[in-house]
Amino acid sequence: MPAESDKNRYVIGVDFGGTKILAGVFDDKFECLGRARVSTKADRGADEVIGRIARCVREAVDECDLNLKQVNAVGVGAPGAVDSQSGKVIFAPNLGWEDVPLKKELEKQLDAPVFLENDCNVCTLGIYEVELKAKPRNIVGIFLGTGIGGGLILEGTLYSGFNRTAGEIGHMILEVGGPKCGCGNKGCFKALASRTALFRRIKEAVKEGQKTILTEMLGPDLEDLRSGDLRKAIKRGDKFVEHIIEEAAEYTGIAVSNLINVFNPEVVVIGGGLMDQLEDEMLAIIVETAMDYAMPGTTKGIEIVATRLGDDAGITGAAVLVSLEGK
């Protein structure tokens, strides 16, 4: 077991959303020494979820044969609009949270400093510092999952904007009058290319008589549909699913081209559960579409890549957050 004098070497990174809570213990080189995972149980309310986050942190620490006294601080990536200064989750629709004082409550339960930031900002930080070694000065992170989120590193610093809510890439309007988004607008990137949007479109088409291998795999209601099932269907020659994914990749490419036109980053990095499962089917189309739609002359030398950190981007970035905020 590490000595008590090692206290400042260990930080905890936490990433959580509507379905799962993930916690990892990191050393000062951002190596993950151990992790724990529990389900969120968001329907039980904010107090219960905060208790489950604390439990997940303790389990991760125990996994490493450490105790909480050897932990310097805890970084947390939370979904939705987050005020990192007050430590509150302002609004997280997939949790049903409004004005939840997450930092204060977690600090009570863990007796350790807690730093809070939006989950996609945190993922972008992790990719920037650990995967890209902080070499590019400007990067954009895009995360395709249940929703679509993003993060911006401009001139080597996480950019949060005037009201600290910058990076809501999923709510760029890509199709005026398009499908309704959970935010109330129509035609948002999220309403066109998130996993939720794709699953909705597939299920609606099946109800209208569309044939797909997915119904053979999962039954007529597609109740347990997962991103990996889409990949399997495409590999088995399902042209309908292939078309749905190609369309989502094209919308993503258009979003990337807009971001290139606005920010001209060195790297656009794409992650999230959808990209983890469908990189082979989506990335080439995203790159080609982005290059076609970006203003001529703006794309020279720009890389559009998939992250290699996968599910660990969030917990890694939360550990990086501690190192930046705790200075």
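Predicted model: local features only at pLDDT ≥ 70, side-chain atom pairs only at ≥ 80, totals over all residues.
A polar contact here is a pair of N or O atoms within 3.5 Å, where one must be able to donate a hydrogen and the other to accept it.

Thr212 sits in the loop that links helix 5 (195–207) and helix 6 (213–218). Its side chain reaches the backbone nitrogen of Leu214 at 3.1 Å, and it also makes a polar contact with the side chain of Asp238, at 2.6 Å. Leaving aside residues up to four places away in sequence, Thr212 touches Val206, Asp238, Phe240 and Val241. Because its relative accessibility is 7%, under the 20% cut-off, Thr212 counts as buried.

Next, have a look at helix 8 (residues 239–263) and helix 9 (residues 273–293), which pack with their axes 7 Å apart at an angle of about 45 degrees. The two are therefore oblique to each other, and helix 8 passes helix 9 in a right-handed crossing. Residues making the contact include Ala248, Ala249, Thr252 and Gly253 of helix 8, and Met282, Ile285, Ile286 and Thr289 of helix 9.

An α-helix has 3.6 residues a turn, so residues three or four places apart point the same way. After helix 1 comes Asp65, with a positive phi near 55 degrees.

Methods: Residues numbered from 1 in each chain as written. Heavy atoms only, no water. Helix = DSSP H or I, 4+ residues; strand = E, 2+ residues; numbered from the N terminus. Buried < 20%, exposed > 50% of the residue type's maximum accessible area, 1.4 Å probe, protein only. Contact = heavy atoms within 4.5 Å. Axes fitted to C-alpha atoms, helices over the stretch in contact; angles between N-to-C directions. Parallel < 35°, antiparallel > 145°, perpendicular 65-115°, else oblique. Left-handed = near helix turned anticlockwise from the far one by under 90°.
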